[in-house]
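Hi everyone, thanks for making time for this. I'd like to walk you through one structure, starting with the overall layout and then moving to some individual residues.

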Amino acid sequence: MSEPEVSETTLRRVTELIELGRDREAAELGVANSGGRMDVRSQLDELGPLLAGVVGGVSPDQLDRSTPCTAFTVRGVLEHMIGGATAFAAAFRGVEPSPPETDDVLAGFGPALSGLAEAILGPGALERTIQSPFGEVPGDTFARFVVLDGLVHGWDIATATGQPYAPSDGLVTEVESFASDALAPLRDGDTFATPVDAPPSATPIERLAAFTGRRV
């Protein structure tokens with residue numbers, strides 16, 4: 001069997017990242033585009049600090065700002081993420097969920113997301129069948145939905161609050177590859193919206209956001 005080819009565009013981007021000293025991102029991008037697959041644990045390792053940084057930069061007076069996720073304000077996105085993290089952590093552990101702590105979303109975000117990450121990384125969690133909002137899903141697959149959701153909601157929050165948001169090209173490429181297949185049967189206008197066109201100048205994370213139905 002021949003080795004999968006890597007596009008010239010990807011090769012150029014890998015070279016650029018290496019020249020910038022961003023070797024880890026270069027390696028991840030190369031793997032994501034050569035038939036490999038980034039382990040979901042590595043995705044979580046990268047996503048966690050990204051989200052912590054963005055949410056840590058939100059001030060209380062920004063909570064009622066609108067976001068590119070049109071159904072939610074910043075507060076609403078955080079409540080949604082805390083509620084999801086609480087329920088999904090329980091699902092990965094195979095237990096009943098407790099009520100989410102959303103009285104103070106800025107204080108409650110970190111513990112909720114840490115609890116979810118710990119549950120996903122627990123023994124046997126990725127092999128468990130998860131009862132998700134859209135049916136039974138293998139644990140590894142649902143963990144990738146968690147990363148997709150978190151990555152794009154991080155962009156929602158950063159955009160609404162005027163913060164920089166720069167996930168690695170390797171992570172975005174991997175998540176976009178997963179989303180291109182996984183979202184098609186779920187686009188009901190509620191769970192996931194219809195894709196929109198991103199402008200030519202869009203960054204990789206902006207293109208992913210547009211693919212999930214956000215206007216960028």
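I'll begin with the ground rules, then go from the whole chain to the details.

What you see is a predicted model, in which local features need pLDDT of at least 70 and side-chain atom pairs count only at pLDDT 80 or more, while totals for chains, interfaces and linings use all residues. Residues are numbered from 1 along each chain as its sequence is written, and side-chain values use heavy atoms, with hydrogens and water left out.

So, what is the chain made of? It has eight helices and two strands. For us, helices are DSSP runs of H or I with at least four residues, strands are runs of E with at least two, and both are numbered from the N terminus. Read from that end, the order is α-α-α-α-α-β-β-α-α-α.

Of the 216 residues in the protein chain, 43% are buried. Buried here is under 20% relative accessible area, exposed is over 50%, and partly exposed is in between, with a 1.4 Å probe and protein chains only. The exposed surface comes to about 11200 Å², and carbon and sulfur atoms supply 52% of it; these areas come from the Shrake-Rupley method with a 1.4 Å probe, and for residues only the protein chains shown count as cover. Take the contacts between residues at least 6 apart in sequence: 65% of them join residues at least 24 apart. A contact means heavy atoms within 4.5 Å.

Now the pocket. Rolling a probe the size of a water molecule over the atoms shows where empty space is left. We use a 1 Å grid over the protein atoms alone and a 1.4 Å probe; a pocket is an open set of points with protein on both sides within 12 Å along at least five of seven lines, and lining residues have an atom within 4 Å of a point. Grid points are joined across faces, edges and corners, and a volume is the space filled by probe spheres set on the points.

How big is the largest pocket? Its volume is about 1100 Å³. The lining has 44 residues, and those nearest the centre are His-80, Asp-149, Gly-150, His-153 and Arg-214. Helices H3 (40-56), H4 (74-93), H5 (105-120) and H6 (139-161) each give two or more residues to that lining. H6 gives the most, with eight residues. By class there are 27 nonpolar, twelve polar and five charged lining residues, where nonpolar is Ala, Val, Leu, Ile, Met, Phe, Trp, Tyr, Cys and Pro, charged is Asp, Glu, Lys and Arg, and polar is the others, Gly among them.

While we're on H6, have a look at Arg-144, which sits in that helix. Is Arg-144 buried or exposed? Arg-144 counts as buried because its relative accessibility is 6%. Beyond its neighbours within four places in sequence, Arg-144 is in contact with residues including Arg-37, Asp-39, Gln-43 and Glu-174.

Next, the loop between H3 and H4, where we find Phe-72 and Ser-66. Phe-72 is partly exposed, at 27% relative accessibility, whereas Ser-66 is exposed, at 61%. Leaving out residues up to four places away in sequence, Phe-72 touches Ser-66, Thr-67, Val-77 and His-80. With the corresponding exclusion, Ser-66 is in contact with Phe-72, Thr-73 and Ala-160.

On to the strands. S1 (residues 129-132) and S2 (residues 135-138) pair in the antiparallel sense over four bridges; pairing requires at least two DSSP bridges. A hairpin of two residues joins S1 to S2. Gln-131 has Glu-136 as its bridge partner in S2, and Thr-129 stands opposite Pro-138. The covered face of S1 holds Ile-130 and Ser-132, and the uncovered one Thr-129 and Gln-131.

Last stop, H8 (residues 204-211). Which of its residues are buried? They are Ile-205, Leu-208, Ala-209 and Ala-210, and they pack against H6 and helix H7 (169-182). After H8 comes Gly-213, with a positive phi near 105°.

That's the tour; I'm happy to take questions.
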